[in-house]
Amino acid sequence: MPDIIEITDFSDPRLDIYARLREAQLLHYNEPKPGLFIAESPRVIERALDAGCVPVSLLLEQNHVEGQARQLIGRCDAVFRKVSERTEKGLPVFTADFAVLSKLTGFPLTRGALCTMYRPPMPDPAKICSGARRIAVLENITNPTNVGAIFRSAAALCIDAVLLTPACCDPLYRRAIRVSMGTVFQIPWTFLDGDSVKWPESGMEFLHSHGFKSAAMALREDSLSIEDPRLASEEKLAIVLGSEGDGLCAATIADCDYTVRIPMARGVDSLNVAAASAVAFWQLRVR
């Protein structure tokens, strides 16, 4: 059975993960092993479990323990016990009234559930690109809302994998996970900051070595329209998206095989990067 713990002491160090640790601290919590992340809402937690993520503890509204979260608690506890090989107390499940939880976490919980989980190890870029035909490359996109929205579009619109440069927001940042509706657990992704591939030094060489042509989404006079049939007909295509303010680096655009724009009306000169990604993923999908 899970270990149901009613919150009576806000200073309990087991609550530090939810109340007092920043995202950067969670990232390095278990060094040298991967750290922790927090999944919010039952649907997101379920998708994380589906992807093989291992829970550390749950934080729930008290009235959900024997209600709508009962099945979720049981599933988390089963995974926790299997991995930890514990036979005594099970998964710690911290509970309190909604008002207490809001005070503890500093904001209202989405559907009253948070789950701390171990971060999965980062896969090798070559592994997640193997067999892929459409991938997205995110360059220096720092806004977690945009990163989460891009992942949601990527999962919905048949992108096979996402590669991120080191300056990008972590897709396991709590807000990014929430905005993505847990799709960060449904599509393979990794950072291009390992020994094998570094951006931008060897990024384009890596893409080409795996058979990808690259399409830089950028507002340039010499850009191709996204409707150009040559783009959608490419066997393997990497769609490269830049930061919210400055867009892609000039060197990145120069190194890409195509520079691509989305035609716009009424004098609008650009779209938010998340909106642009959805248009690009749909238009350039494998037919």
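Analyst: Buried means under 20% relative accessible area, exposed over 50%, and partly exposed in between, with a 1.4 Å probe and protein chains only. The model is predicted, so local features need pLDDT of at least 70 and side-chain atom pairs pLDDT 80 or more, while totals for chains, interfaces and linings use all residues. Residues are numbered from 1 along each chain as its sequence is written, and side-chain values use heavy atoms, leaving out hydrogens and water.

User: Why is Leu219 called exposed?

Analyst: Its relative accessibility is 54%, and the cut-off for exposed is over 50%; Leu219 therefore counts as exposed. Leu219 is found in the loop between β9 (213-217) and β10 (224-225). Helices (H or I, at least four residues) and strands (E, at least two) are DSSP runs, numbered from the N terminus.

User: What makes the nonpolar surface patch that includes Leu219?

Analyst: Leu219, Met264, Val268, Leu271 and Val279 make this patch of about 380 Å². Patch residues have over 30% relative accessible area and no salt bridge, and nonpolar side chains (Val, Leu, Ile, Met, Phe, Trp, Tyr) are joined within 5 Å, like charges within 9 Å. A salt bridge is a side-chain nitrogen of Lys or Arg within 4 Å of a carboxyl oxygen of Asp or Glu. Accessible areas come from the Shrake-Rupley method with a 1.4 Å probe.

User: Why is the pair of Phe151 and Trp189 called edge-to-face?

Analyst: Rings of Phe, Tyr and Trp (its six-membered ring) pair if their centres lie within 6.5 Å; planes under 30 degrees apart count as stacked, over 60 as edge-to-face and the rest as tilted. Here the centres are 6.2 Å apart and the planes at 85 degrees, so the pair is edge-to-face. Phe151 lies in helix α7 (residues 144-156) and Trp189 in strand β8, so the pair ties together parts 38 residues apart in sequence.

User: How do you know whether Phe151 and Trp189 are buried or exposed?

Analyst: Phe151 has 0% relative accessibility and counts as buried. Trp189 has a relative accessible area of 7%, so Trp189 is buried too. Ring pairs link Phe151, Trp189 and Phe191 into a cluster.

User: Which residues touch the most other members of the largest nonpolar core?

Analyst: A nonpolar core is a set of buried Ala, Val, Leu, Ile, Met, Phe, Trp, Tyr and Cys residues joined through side-chain atoms within 4.5 Å. Among the 56 residues of the largest core, Ile45, Leu58, Leu138, Phe151, Val162, Phe185 and Ile239 touch the most other members. Helix α12 (residues 273-283) gives the largest share of this core, five residues.
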